[in-house]
Amino acid sequence: MPDTYLIGVCALQPRSRGSVRLAGRDPELAPIVDPNYLGDDRDMVTMVRGFGIARAIGSAPALKAWRAEELAPGPSVDDEESLRGFIRATTSSYYHPVGTCAIGETAESVVDSELRVHGIDGLRVVDASVMPSLPSNNTLATVYAIAERGAELIRQG
């Protein structure tokens with residue numbers, strides 16, 4: 001394979017919100033997960049703009065020595081409608097889901113500022129699910145910070 005390069009496009013802070021629900025009373029049932037990708041049209045607008053920027057960068061003279069052909073979405077995706085179709089067909093997760101047990105003091109929050117589950121004594125949630133929104137970085141560093149804080153809170157009782 002000749003020298004190549006990749007330019008990835010993602011909505012780093014999507015506005016769409018998915019859901020995780022119980023499938024029934026049986027704890028053996030897998031939950032119902034609806035990521036609701038692109039449920040908010042602003043995310044599609046972001047992705048379309050992102051692809052425009054990526055294509056501009058990819059066609060820059062400085063990359064000519066490495067450029068052969070665009071593999072995805074490819075030259076046949078040449079208008080906004082076909083680009084939107086490609087985005088709908090290929091959008092997926094970067095496997096950094098957050099927020100299913102969001103921290104806070106609102107009706108939607110599951111845990112308080114000390115990571116205790118509202119209404120259940122002795123239970124804390126200490127992982128990415130307590131993040132109320134997706135950070136603008138890989139979630140790993142943020143999870144480490146939550147884990148360190150959670151460990152300290154658990155030690156304190």
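Asp-43 is buried but takes part in no salt bridge, and the nearest side chain of opposite charge, that of Arg-15, is 5.5 Å away. The model is a predicted one.

**Stop 1: Asp-43.** Select Asp-43 in helix 1, which covers residues 41-58. Then display what surrounds the residue: beyond four places in sequence, Asp-43 touches Pro-14, Arg-15, Ser-16 and Leu-38. Which side chain does Asp-43 join in a polar contact of 2.5 Å? The partner is the side chain of Ser-16.

**Stop 2: Ser-16.** Move to Ser-16, in the segment before strand 1 (19-21). Is Ser-16 buried or exposed? Ser-16 has a relative accessible area of 10% and is therefore buried. Two polar contacts can be drawn from its side chain. One runs to the side chain of Asp-43, at 2.5 Å. Another goes to the backbone nitrogen of Asp-40, at 2.8 Å. With neighbours within four places in sequence set aside, the residues in contact with Ser-16 are Asn-36, Tyr-37, Leu-38, Gly-39, Asp-40 and Asp-43.

**Stop 3: Asn-36.** From that list of contacts of Ser-16, pick Asn-36. Asn-36 sits in the loop that runs between strand 2 (32-34) and helix 1. Check its backbone: phi is near 55°, a positive value in a residue that is not glycine. The relative accessibility of Asn-36 is 28%, so the residue counts as partly exposed.

**Stop 4: Asp-40 and Arg-42.** Return to Asp-40, whose backbone nitrogen is reached by the side chain of Ser-16. Which residue forms a salt bridge with Asp-40? Arg-42 does, and the closest N and O atoms are 2.6 Å apart. Asp-40 is buried because its relative accessible area, 18%, is under the 20% limit. Arg-42, at 45%, is partly exposed.

**Stop 5: the remaining salt bridges to visit.** How many salt bridges does a search of the whole structure find? The search finds seven. Select Asp-41, Glu-80 and Arg-84 together; salt bridges link these residues in a network. Next, select Arg-116 and Asp-112, whose side chains meet in a salt bridge with an N to O distance of 2.8 Å. Arg-116 is partly exposed, with a relative accessible area of 37%, whereas Asp-112 counts as buried at 11%.

**Stop 6: Pro-73.** Go to the loop between helix 1 and helix 2 (80-90), where Pro-73 lies. Look at the peptide bond leading from Ala-72 into Pro-73: this bond is cis, with omega near 5°.

**Stop 7: Leu-115.** Select Leu-115, in the loop between helix 2 and helix 3 (139-156). Although Leu-115 is not a glycine, its phi is positive, at about 65°. Is this residue buried or exposed? Leu-115 has a relative accessible area of 4%, so it is buried. Leaving out residues up to four places away in sequence, Leu-115 touches Ile-103, Leu-123, Arg-124, Val-125, Val-126, Val-130, Ile-146, Gly-150 and Leu-153.

Stop 8: In soluble globular proteins, nonpolar side chains tend to be buried together.

**Stop 9: helix 3.** Finish with Arg-149 and Glu-152, both in helix 3 and three residues apart, about one turn of the helix. The pair forms a salt bridge, in which the closest N and O atoms are 3.0 Å apart. Arg-149 is partly exposed, with a relative accessible area of 36%. Glu-152 also counts as partly exposed, at 33% relative accessibility.

Methods. Residues numbered from 1 in each chain as written. Predicted model: local features only at pLDDT ≥ 70, side-chain atom pairs only at ≥ 80, totals over all residues. Heavy atoms only, no water. Helix = DSSP H or I, 4+ residues; strand = E, 2+ residues; numbered from the N terminus. Buried < 20%, exposed > 50% of the residue type's maximum accessible area, 1.4 Å probe, protein only. Lys, Arg positive; Asp, Glu negative; His and termini not counted. Salt bridge = Lys/Arg side-chain N within 4 Å of Asp/Glu carboxyl O. Polar contact = N/O pair within 3.5 Å; in protein donor to acceptor, adjacent residues only side chain to side chain. Contact = heavy atoms within 4.5 Å.
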